[in-house]
Amino acid sequence: GRENILSDINRPHMFIAELQLYIDYLKEQLEGEAGGESGKKKEKYYHGYYENLINGINYYRQLSDVAINNQKQFYQSLHDAEKELGEIKIQFSAILTK
């Protein structure tokens, strides 16, 4: 009953999985706002949310021992998340640019 049965499964680091949840949430919220007129308060919220995600990615990059086993995959996932956020910023530039 104590055998590791998940050793062959390629799973993302918990920080990457959480980051992806936050990115998906932001994208979902922005897609809901894209058709309508959003207020300044919501635009400020989305811009702050976006900036916090970017700051979180930069913070994760500074942690040297966060992903001991798969550092290359961890940093590649951070790069992919940052790229996805850049695409979101371009797509929703009317809401995210201040």
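The model is predicted: local features need pLDDT of at least 70, side-chain atom pairs count only at pLDDT 80 or more, and totals for chains, interfaces and linings use all residues. Residues are numbered from 1 along each chain as its sequence is written, and side-chain values use heavy atoms, without hydrogens and water.

**Fold**
- The protein has four helices and zero strands (DSSP runs, H or I of at least four residues for helices, E of at least two for strands, numbered from the N terminus).
- Of the 98 residues, 28% are buried (under 20% relative accessible area, 1.4 Å probe, protein chains only; exposed is over 50%, partly exposed in between).

**Core**
- The largest nonpolar core holds 23 residues (buried Ala, Val, Leu, Ile, Met, Phe, Trp, Tyr and Cys joined through side-chain atoms within 4.5 Å).
- Helices H1 (14–34), H2 (40–62), H3 (71–91) and H4 (93–96) each supply at least two residues of this core.
- H2 gives the most, with seven.
- Leu 26, Leu 30, Phe 74 and Leu 85 have the most contacts inside this core (contact: heavy atoms within 4.5 Å).
- Beyond its neighbours within four places in sequence, Leu 30 contacts Tyr 46, Ile 88, Phe 92, Ile 95 and Leu 96.

**Helix H2**
- Its buried residues include Glu 43, Tyr 46 and Leu 53.

**Largest pocket**
- Its space is about 240 Å³ (the volume filled by probe spheres set on grid points joined across faces, edges and corners).
- A pocket is an open set of points on a 1 Å grid over the protein atoms alone where a 1.4 Å probe fits, with protein on both sides within 12 Å along at least five of seven lines; lining residues have an atom within 4 Å of a point.
- Arg 11, His 13, Asn 69 and Phe 74 are among the lining residues.
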